[in-house]
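Hi,

Here is the structure I promised to pass on.

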Amino acid sequence: MPKITFFNLPEDKKETLIHAAKKEFSRVPLYDASIANIIKEAGIPRGSFYQYFEDKEDAFFFLLNELTKEHKYIFIHILTRNKGDIFETMIEFFRIIISEEENFNFLKNTFLNMTHRIESTFSRSFSSNERNESFEKFSSLIDKSLLNILDANELFYVLKIIAAVTFRSFVDKFARDLPIEEAMNSYLIEMNLLKKGLYRDIPEST
């Protein structure tokens with residue numbers, strides 16, 4: 001979490017620092033990133049960086065958390081528009097993420113250097129890692145009548161399965177540099193296979 005001095009910065013200086021950090025984490029993965037490059041791009045002394053962030057991991061996870069918030073908003077909007085259909089929502093969400101030009105290199109470096117903390121942070125875009133109040137609010141938007149499940153506990157594990165498949169598909173797309181449509185076709189096959197076991201009635205995706 002950034003320090004209070006970061007949040008007290010004028011908006012233009014804050015955006016300059018965010019842009020510099022994002023540029024560096026888009027160039028290379030977190031553990032290869034250089035604070036020297038960030039401060040050079042931002043035009044600040046090295047000491048100032050540590051007035052705003054604990055270290056480069058702090059800066060990276062701030063950016064990832066902010067992106068996750070944006071993605072969660074998008075996901076909930078799609079889920080609501082799709083009347084709680086979790087599979088159709090995941091398919092649409094997957095396409096949006098892999099089509100993001102602005103965040104492409106940042107996401108590529110993130111997914112190709114995945115850690116448990118990174119996965120846990122990003123998964124908040126479309127699921128919850130724990131059975132808590134956040135999960136209850138999220139699950140209330142899902143049309144559970146479409147799914148072959150007994151209770152909220154089974155829904156929790158269904159979402160974990162979907163998340164695991166989705167993460168592997170993200171990694172596959174970025175690792176193999178797949179064209180969008182090829183990545184989408186593979187993901188659709190996987191989602192439709194999951195539907196066969198999890199949907200009460202199985203609508204085919206197009």
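This is a predicted model: local features need pLDDT of at least 70, side-chain atom pairs count only at pLDDT 80 or more; totals for chains, interfaces and linings use all residues.

**The annotated stretch**

UniProt has a feature at residues 11-71, "domain: HTH tetR-type", and the entry it comes from is unreviewed. In the model, that stretch is 79% helix and 0% strand. Its end C-alpha atoms sit 22 Å apart.

**How α2 meets α3**

Helix α2 covers residues 11-27 and helix α3 covers residues 35-42. Their axes are 8 Å apart, and the packing angle is about 140°. Angles over 145 degrees would count as roughly antiparallel, so at about 140° the pair α2 and α3 is classed as oblique. The crossing of α2 past α3 is right-handed.

If you want to colour the contact, pick these residues:

- from α2: Thr 16, Leu 17, His 19, Ala 20, Ala 21, Lys 23, Glu 24, Phe 25 and Arg 27
- from α3: Asn 37, Ile 38, Glu 41 and Ala 42

Sorted by class, the α2 contact with α3 comes to six nonpolar, three polar and four charged residues.

**A charged residue on the inside**

Is Glu 24 buried or exposed? Its relative accessibility is 4%, and the cut-off for buried is under 20%, so Glu 24 counts as buried. Leaving aside residues up to four places away in sequence, Glu 24 touches Ala 33, Ser 34, Asn 37 and Ile 38.

**Two loop residues with positive phi**

Where does Lys 83 sit? You'll find Lys 83 in the loop that joins α5 (56-81) to α6 (86-98). Its phi is near 55°, which is positive although the residue is not a glycine. With a relative accessible area of 70%, against a cut-off of over 50%, Lys 83 is therefore exposed.

Asp 177 is the other one to check. Its phi is near 50°, again a positive value in a residue other than glycine. Asp 177 is in the loop between α10 (152-175) and α11 (180-198).

Cheers

Technical notes. Residues are numbered from 1 along each chain as its sequence is written. Side-chain values use heavy atoms; hydrogens and water are left out. Helices (H or I, at least four residues) and strands (E, at least two) are DSSP runs, numbered from the N terminus. Buried means under 20% relative accessible area, exposed over 50%, partly exposed in between (1.4 Å probe, protein chains only). UniProt positions are given in the numbering used here, feature names are shortened, and annotations may be inferred rather than shown by experiment. Axes are lines fitted to C-alpha atoms, for helices over the stretch in contact, and angles run from 0 to 180 degrees between N-to-C directions. Angles under 35 degrees count as roughly parallel, over 145 as roughly antiparallel, 65 to 115 as roughly perpendicular and the rest as oblique. A crossing is left-handed if the near helix is turned anticlockwise from the far one by less than a right angle, and right-handed if clockwise. Contact means heavy atoms within 4.5 Å. Ala, Val, Leu, Ile, Met, Phe, Trp, Tyr, Cys and Pro count as nonpolar, Asp, Glu, Lys and Arg as charged, and the others, Gly among them, as polar.
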